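Here is a friendly briefing to read alongside the model.

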Amino acid sequence: RREFAALRKKRRLRSLGELKCRAWLHLLQAERLLLRDWRWAEAQQRRREEFEVRNEARFELQWKRYEEGLETFARTRAAERGPGRERDSWVATVDASLQPMWLNERTGKTRTSDPVEARVRGSIARERKKAEERFAGQVEQMHAAWEAQDAAAQAEMAAGIEELTLSARSAFATALLETGS
């Protein structure tokens with residue numbers, strides 16, 4: 001009889017262990033899903049950072065090409081003369097102390113810096129500022145969209161954690177009830 005009682009006790013403990021494992025199995029699956037979502041969120045953040053770096057590099061490359069074209073255009077435009085072009089023409093010369101200066105052929109005024117170069121640099125600076133503002137606006141819109149996505153993901157994650165907590169409580173209560181009977 002003692003041997004049968006020991007075997008019965010052993011079977012009962014084994015079945016209780018299996019019952020506990022089945023009770024907690026869905027909880028472990030939910031935890032795995034949460035961990036997978038966290039890993040996905042971390043990977044998504046890395047992808048976003050890489051995307052921003054690529055976008056910045058692309059902006060700089062596009063700006064460099066645009067700047068070259070704008071500079072060429074501005075210099076060509078400044079050098080053009082002809083009918084309908086009453087622009088001032090500047091001639092490079094030197095003053096009495098042999099310092100370089102530019103003389104306006106029409107008005108006779110002088111400048112110590114190249115007016116064409118000043119106009120080109122000013123145009124480039126204005127265009128760069130506009131381009132940077134547009135790019136910053138696009139980046140801002142992108143960040144706003146990402147924040148909305150993150151808020152939705154956080155809400156889903158909070159709901160998942162709440163569900164996991166409730167599930168854990170009920171699984172624990174069920175396991176306690178079954179082991180107590």
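Which residues make up the largest nonpolar core? The answer is a set of eight: Phe59, Trp63, Leu70, Ala74, Val120, Ile124, Ala131 and Phe135. Helix 1 (2-79) and helix 2 (115-180) each give at least two residues to this core.

This is a predicted model, in which local features need pLDDT of at least 70 and side-chain atom pairs count only at pLDDT 80 or more, while totals for chains, interfaces and linings use all residues. Residues are numbered from 1 along each chain as its sequence is written, and side-chain values use heavy atoms, with hydrogens and water left out.

**Overall layout**

- The chain holds two helices and three strands, where helices (H or I, at least four residues) and strands (E, at least two) are DSSP runs numbered from the N terminus.
- Read from the N terminus, the order of elements is α-β-β-β-α.
- Of the 181 residues in the chain, 17% are buried (buried means under 20% relative accessible area, exposed over 50%, and partly exposed in between, with a 1.4 Å probe and protein chains only).
- Among contacts with a separation of 6 or more, 61% are between residues 24 or more positions apart (contact means heavy atoms within 4.5 Å).

- A nonpolar core is a set of buried Ala, Val, Leu, Ile, Met, Phe, Trp, Tyr and Cys residues joined through side-chain atoms within 4.5 Å.
- In soluble globular proteins, nonpolar side chains tend to be buried together.
- Phenylalanine 59 lies in helix 1, and it counts as buried because its relative accessibility is 11%.
- Not counting residues up to four places away in sequence, phenylalanine 59 touches Arg128, Ala131, Glu132 and Phe135.
- Phenylalanine 59 and alanine 131 are 72 residues apart along the chain, yet their C-alpha atoms are separated by 9.0 Å.

**Two pockets**

- A pocket is found on a 1 Å grid over the protein atoms alone, as an open set of points where a 1.4 Å probe fits, with protein on both sides within 12 Å along at least five of seven lines; lining residues have an atom within 4 Å of a point.
- Grid points are joined across faces, edges and corners, and a volume is the space filled by probe spheres set on the points.
- The largest pocket holds about 580 Å³ of space.
- Its lining has 21 residues, and those nearest the centre are Asp37, Trp38, Ala153, Glu156 and Met157.
- Helix 1 and helix 2 are the elements that give two or more residues to this lining, and helix 2 has the largest share with 11 residues.
- By type, the lining of the largest pocket has 10 nonpolar, six polar and five charged residues (Ala, Val, Leu, Ile, Met, Phe, Trp, Tyr, Cys and Pro count as nonpolar, Asp, Glu, Lys and Arg as charged, and the others, Gly among them, as polar).
- The second largest pocket holds about 250 Å³, and its lining includes Asn55, Phe59, Trp63, Ala131 and Phe135.
- Helix 1 supplies the largest share of the lining of the second largest pocket, six residues.
- That lining divides into five nonpolar, three polar and three charged residues.

**Polar side chains in the helices**

- Asparagine 55 sits in helix 1 and is classed as buried because its relative accessibility is 16%.
- The side chains of asparagine 55 and arginine 58 make a polar contact of 2.9 Å (a pair of N or O atoms within 3.5 Å; within protein, one must be able to donate a hydrogen and the other to accept it, and residues adjacent in sequence count only if both atoms are side-chain atoms).
- Leaving aside neighbours within four places in sequence, asparagine 55 is in contact with Phe135 and Met142.
- Serine 123, in helix 2, is buried because its relative accessible area is 17%, and its side chain makes a polar contact of 3.2 Å with that of arginine 126.

**The strand region**

- Leucine 98 is in the loop between strand 1 (90-94) and strand 2 (100-104), and it counts as exposed because its relative accessibility is 67%.
- Leucine 98 has a positive phi of about 65°, although it is not a glycine.
- Arginine 111 belongs to strand 3 (residues 110-111) and is partly exposed, at 32% relative accessibility.
- Not counting residues up to four places away in sequence, arginine 111 touches Trp90, Met101, Trp102 and Ala118.
- Arginine 111 and tryptophan 90 are 21 residues apart in sequence and 9.3 Å apart in space, C-alpha to C-alpha.
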